[in-house]
Amino acid sequence: MADSLLMYTPSGAAPNFDPANGNVNEYNFLALVYDPLIRRMSDGSFQPDLATDWSYSSDGLTFSMTLQSGVKFSDGTAFDATAVKANIENVKNGTGSYASQFKSIASETVVDATHIQLTLSAPNPSLPVLFSTSAGMMASPTALGSKDLSTTPDGTGPYTYDAADSVANDTLIYNIKDDYWNPGHYHFKKVTLKIFSDETAAVDAVASGAADISEFSTDFAKAKSSGITMTGATYNVWGLGLLDRGGSIVPALGNVEVRQALNYAFDRAGVVNTIMQGIGAPTTQVLKPWMEGYDKDLDSYYTYDVAKAKQMLADAGYPNGFTFRAVSLSFFDVEVQAWVGFLQAIGVTMTVVDVSPDQYISSITGGKYEAAVLPYGALDSYFDIGQLFLPDSSFNPFHSSDDQINAWYKQAAIASATDRANLLKQINNRVEKDLAWWICVNGDEFGYGYDPKKVQPVAWTGLRPLLLYDWLPGTGA
Amino acid sequence: MIGRIVRRMLEAILLVFLVASASFILIQLTPGSPADIILGTNATLEGIAKINHALGLDQPLPVQYFNYITSLARLDLGRSLINNQAVDVIVVSRLPVTMSLAVLATIVSSAVGILAGAVAATHGGVADRVITTLSGVGLALPAFWVGAVLVLLLGIRLQLLPAAGYTQPSESVTEWISHLVLPVTALALGQVAGITRQTRGSMLTEAEKPYVRALMAAGVSRRSIVWRHMLRNASIPVVTTLGLQFVGVLGGAVVIEYLFALPGIGTALMSAATTHDIPILQGLVVLSAVVVLIVNLVVDVLVVFLNPKARRA
């Protein structure tokens, strides 16, 4: 086992060690001290962890799990079905980001110490994905509800958090446990996670050897041009969500031909080649190539055709264009201003409203704006379509509803894997072609710079971010 | 002198209260909520309302203000709204980093600046012109630019010093120093220039005073006149400048900490501002005010010590 690993990791805020309050940015911080019920590998497959087996009933309304035995939390409490029930209730009743997604779990029945059944109010095929996130991480039931859990973790995970040597909200140090019940996933005796706000400092840290790994997202191109060893994959799909599909604020957006016309105004290849400096790929769908429901043919459906866009607008009754607002963040400006230019060329004025990060998501979900710039990082097709395109989806604040999409989504909940993929593909096509609810422009790249002498990543498609157990000792170890 | 110090301390308490109140009002005026950050892509209005209620952010402003001021009076700076971390823990872990940076930058800049200023004033000619020109260049170069160049050259190209990060002195003193060399240099360069010019100007003024001619006539060595007598008298405005510059260094440390990924008060402030973590923001603003007040008090005491006239005032 290698001695240590130092990783720079961006984080919107310092991690909260209560798994119920964790979000996707904090996974690595939590995964070192907690184990999830299900472990998702870098190729998307699921492996047993604290749950050794799981299955759905034929009607999709019961989810059963078999649990590990003989595992204990840091405080000595035994891990069992009662602990799982307590953790699920903690997430459901809490104020964390996953609370709303656990609402479909109506109740939990402890069958015995190593078996639990979840009764669902509606079929939800995404439970294995959910239980592989921080929401599926198990904390000691005696610590749940205590405010101390936010700063002092109490889990079954492979490392102990060294609060004494750590710097609060900046540098978190973890040391491997000699008696960890599930050895083999982690390969470093000591892990230091440093939170950074500026990717320039992160590039410098890896380039100078001060850090072994760093994540890069907003400045991937710059990191790539710095000469450090990189691994990347498409992560976010940059898109303009046309939220006011009913035209309640901007009547023009209520016209599907107008929304389709806007799609033809975007020079997607130009964005990738010039603004993104060749990083990423043009796209017209929110799902990524390896995801269920992705349709390769869809990517060439909307060509760059300004004349066609103008003609379609004129045919729809808007020969002189119209104006609408889109909420955004200021650090999206480099690309978003190009979008403003594309739309101006067809006579449409998009007024970009920049808000601060602590208002951004709520500005979208709150229905204040008719459109939103949103780089969306889909991780699970069924879940993400549920978050974007259903009447009660959080990113559908005007509650646009399409009977076809609703019906297919309902069917997908209990369909076989093959049938589900086809149904999601149908939804994907309908959203983009028939309804033009979401103008997708390009997929960016997210990735990591690393020192190959110290670390090597496992094979990675970008299905999910690389987690710490995806990093192996490097060539010099 | 004791009475003066006591009076200044009482004024300081009032000033801290005013700063705390002003920061509370200003922060409340900015839109946004930490709930957006906590919930991420699940930040629905319902979820935000639930969190705001749990955190007490939906209480009437006078109630929130009263709770804040009474907590402050008990020296309770509160807890992070994001991860419940105690603000005083954050302060205790981060303040030494910022103070190391600021104090070392001030020591380096004052030592180099005073020496350079004295040499420029007493030697004149080529030495004076070179030092004055260099100090002009130093004043013009922004600290973040100097920092970026140092990182590129010494950190990445030549790999002589770490380009980012921080090591606690308890872990390794040599690593601690090596991590601070580049950021301290970046911060100190502009300060050196200011102190050089101030010292030069003060020394030139002292050189014209009758006591200098009297000492020379009495046969006192030039070295003794310059370093024992002139410099002491010239140092009064220099000390005042140092005090002002230290406050400026604290502000400049925010940018330098960001550039070098140092876990100081500056990076904590920036993170708290973008995540709307109100207790951390308010706590660090009050802390900064306290540090500035302490620095001003120390400067006042030093001036009194150096200038007998001030003692009698």
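# Reading the sheet, core and helices

Guide: In this predicted model, four strands of chain A form an open sheet in the order β4-β5-β7-β6, with antiparallel pairing.

Visitor: What makes β4 and β6 of chain A the strands that stand at the edges of this sheet?

Guide: β4 (51-56) and β6 (105-112) of chain A each have a single partner strand, so one side of each is left without a neighbour in the sheet. Neighbouring strands here are turned by 20 degrees against each other on average, with direction ignored.

Visitor: Which elements make up the right-handed β-α-β unit of chain A?

Guide: The unit consists of β14(A), α9(A) and β15(A). Its strands, β14 (residues 323-329) and β15 (residues 349-355) of chain A, pair in the parallel sense over 7 bridges, and Val327(A) stands opposite Val353(A) in β15(A).

Visitor: Where does helix α9 of chain A contribute besides that unit?

Guide: The largest nonpolar core has 81 residues, and those with the most contacts inside it are Leu240(A), Phe322(A), Phe324(A) and Trp339(A); helix α9 (residues 333-344) of chain A gives the most to this core, with 6 residues. Leaving aside neighbours within four places in sequence, the contacts of Leu240(A) include Phe266(A), Phe324(A), Trp339(A), Met350(A) and Trp438(A). A second, separate core of 45 residues includes Ile27(B), Val97(B), Val151(B) and Leu187(B).

Visitor: Why are the buried residues of α3(B) said to be on the same side of the helix?

Guide: In helix α3 (residues 45-54) of chain B, the residues Gly47(B), Ile48(B), Ile51(B) and Asn52(B) are buried, and they cover an arc of only 135 degrees around the axis, which puts them on the same side of α3(B). What covers them includes α10 (357-365) of chain A together with α2 (34-39) of chain B.

Visitor: Which exposed residues does the face turned away from the buried side of α3(B) carry?

Guide: That face carries Glu46(B), His53(B) and Ala54(B); exposed means over 50% relative accessible area. Just after α3(B), Gly56(B) takes a positive phi of about 75 degrees.

How values were computed:
Residues numbered from 1 in each chain as written. Chains lettered and ligands numbered in written order. Predicted model: local features only at pLDDT ≥ 70, side-chain atom pairs only at ≥ 80, totals over all residues. Heavy atoms only, no water. Core = buried A, V, L, I, M, F, W, Y, C linked by side-chain atoms within 4.5 Å. Buried < 20%, exposed > 50% of the residue type's maximum accessible area, 1.4 Å probe, protein only. Helix = DSSP H or I, 4+ residues; strand = E, 2+ residues; numbered from the N terminus. Contact = heavy atoms within 4.5 Å. Pairing = 2+ DSSP bridges. Axes fitted to C-alpha atoms, helices over the stretch in contact; angles between N-to-C directions. Right-handed = clockwise from strand over helix to strand, strands pointing away. Arc of directions from axis to C-beta.
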